Amino acid sequence: MKTLLSIVGPTASGKSALSIEIAQQLKAPVISADSVQVYKGLDIGSGKVAVEEMQGIAHYMLDIVNPNQEFSAGDFGRAVDKLLEKLFRKCDIVILTGGAGFYLNAVWEGMDDIPSIDGSIRKELNQRFDKGELQQLIRELREVDPLTYGVIDLSNPVRIIRALEVYYGSGKPISHYRSRRSPKKKNYTDLKIGLELERDVLYPKINARVDRMIAAGLEQEVYGLVEQWGADAKGLHSVGYQEFVGLFAGKYDREEAIRLIKRNSRRYAKKQYTWFRKVQDIQWFSAKEPGMIVEKVLEKVAR
């Protein structure tokens, strides 16, 4: 039986390195489930695996679209379904790794049956965001869709606007549609592994990771992307990018931009934990023991 091995967890928990180590043992390809790594040129701030770090393992779903293009969880799910058909013809095991819950769920459970929404609604919501009404939009989301509010990345306005767009366009929250999915038919088995770390370990790792990104030239990367694609490019609404966009717009100084990246990254990690904890068939392991995780995974796959 074919197996899709999903390795998930919060940012900075070591998913990429572990995935590559297991992929080498199993001779399996890796599919990235990251809502930022799909964008071309968003490399440093997304923690995108460099070619030399891949250790010869084939990686997919990286650099799929330009930063100014829309790319939804539904787009991701459809693309990965087609990719899995191809990969499973020659592989018994494929690894899916990342921390984007909605992207992962699009593969695990299928697409949301959301009706088409009038484009004028999104336009109006975007105009409100441009006027500085983000906090009001967040409050509205909390009122109309508390389930989505509880798990969404509140530092990403694209996600907030999408959720409100669905509510105002259909009269029902996006969580309503996600709860009504029909079971997805699959010709492979799911095995889901989760990495966890105590906050007093994870949060310093996140801060140190941001420091490494800054030293590697994140500010210059964002500046170049803004020059090429504009400050409103969809990909630049992500943590690690939007904070420097604010710096370039004169909203605060460089020190504050870095502080915000660290804070927003920690908040995002907390949201990721909240989301993944609701997925009942994830088997959790301490990220502090990667060797043990590799051993356990190999045992499970060999059964």
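What follows is a short walk through a predicted model, with residues numbered from 1 along the chain.

**Stop 1: the second largest pocket**

Start by selecting F129, L134, S155, P157 and Q242. Of the 30 residues that line the second largest pocket, these lie closest to its centre. The space in this pocket comes to about 890 Å³.

Now colour four helices: α4 (119–130), α5 (134–144), α11 (242–248) and α12 (254–276). Each of them supplies at least two residues of the pocket lining. Which helix gives the most to the lining? That is α12, with 7 residues.

**Stop 2**

R259 is partly exposed, with a relative accessible area of 42%. R259 and V210 are 49 residues apart along the chain, and their C-alpha atoms are separated by 9.5 Å.

Then select K271 together with Y149. K271 lies over the face of the Y149 ring, at 5.3 Å from the ring centre. For another arrangement of this kind, select R277 and W284: here R277 lies over the ring face of W284, 4.2 Å from the ring centre.

**Stop 3: a group of rings**

Show the aromatic side chains next. Across the whole structure, a search finds 10 aromatic pairs. One to look at is W275 with F276, an edge-to-face pair with 5.4 Å from centre to centre and 90° between the planes.

Are W275 and F276 buried or exposed? W275 counts as buried because its relative accessibility is 12%, under the 20% cut-off. F276 is buried too, at 1% relative accessibility.

**Stop 4: helix α3**

W108 leads us to the next helix, as it is among the buried residues of α3. Select residues 101–108 to see this helix, which is mostly covered. How many of its 8 residues are buried? The number is 7, and they are G101, Y103, L104, N105, A106, V107 and W108.

Move on to G110, which follows α3 and has a positive phi, near 105°.

**Stop 5: two residues with positive phi**

Most residues other than glycine have a negative phi. With that in mind, select K27. Its phi is near 55°, a positive value in a residue other than glycine. You will find K27 in the loop between α1 (15–26) and β2 (30–32). K27 counts as exposed because its relative accessibility is 71%, over the 50% cut-off.

Now go to D63, a non-glycine residue whose phi is also positive, near 55°. The loop that holds D63 runs between β3 (59–60) and α2 (73–87). D63 is partly exposed, with a relative accessible area of 35%.

**Stop 6: Q69 and what it touches**

Q69 is found in the loop between β3 and α2. What does Q69 touch, leaving aside residues up to four places away in sequence? Select Y39 and K234 to see these contacts. Q69 and Y39 are 30 residues apart along the chain, with 8.6 Å between their C-alpha atoms. Q69 is partly exposed, at 35% relative accessible area.

**Stop 7: I57 in its surroundings**

Finish with I57, in the loop between β2 and β3. I57 is buried, with a relative accessible area of 11%. To see its contacts, select I20, A23, Q24, A28, P29 and V30; I57 touches each of these, with residues up to four places away in sequence not counted.

I57 and D153 are 96 residues apart in sequence and 30 Å apart in space, C-alpha to C-alpha.

Methods
Predicted model: local features only at pLDDT ≥ 70, side-chain atom pairs only at ≥ 80, totals over all residues. Heavy atoms only, no water. 1 Å grid on protein atoms, 1.4 Å probe; cavity = no way out; pocket = protein on both sides within 12 Å on 5 of 7 lines; lining within 4 Å. Points joined across faces, edges and corners; volume = space filled by probe spheres on them. Buried < 20%, exposed > 50% of the residue type's maximum accessible area, 1.4 Å probe, protein only. Phe/Tyr/Trp six-rings, centres within 6.5 Å; stacked < 30°, edge-to-face > 60°. Lys NZ or Arg CZ within 6 Å of the ring centre and 35° of its normal. Contact = heavy atoms within 4.5 Å.
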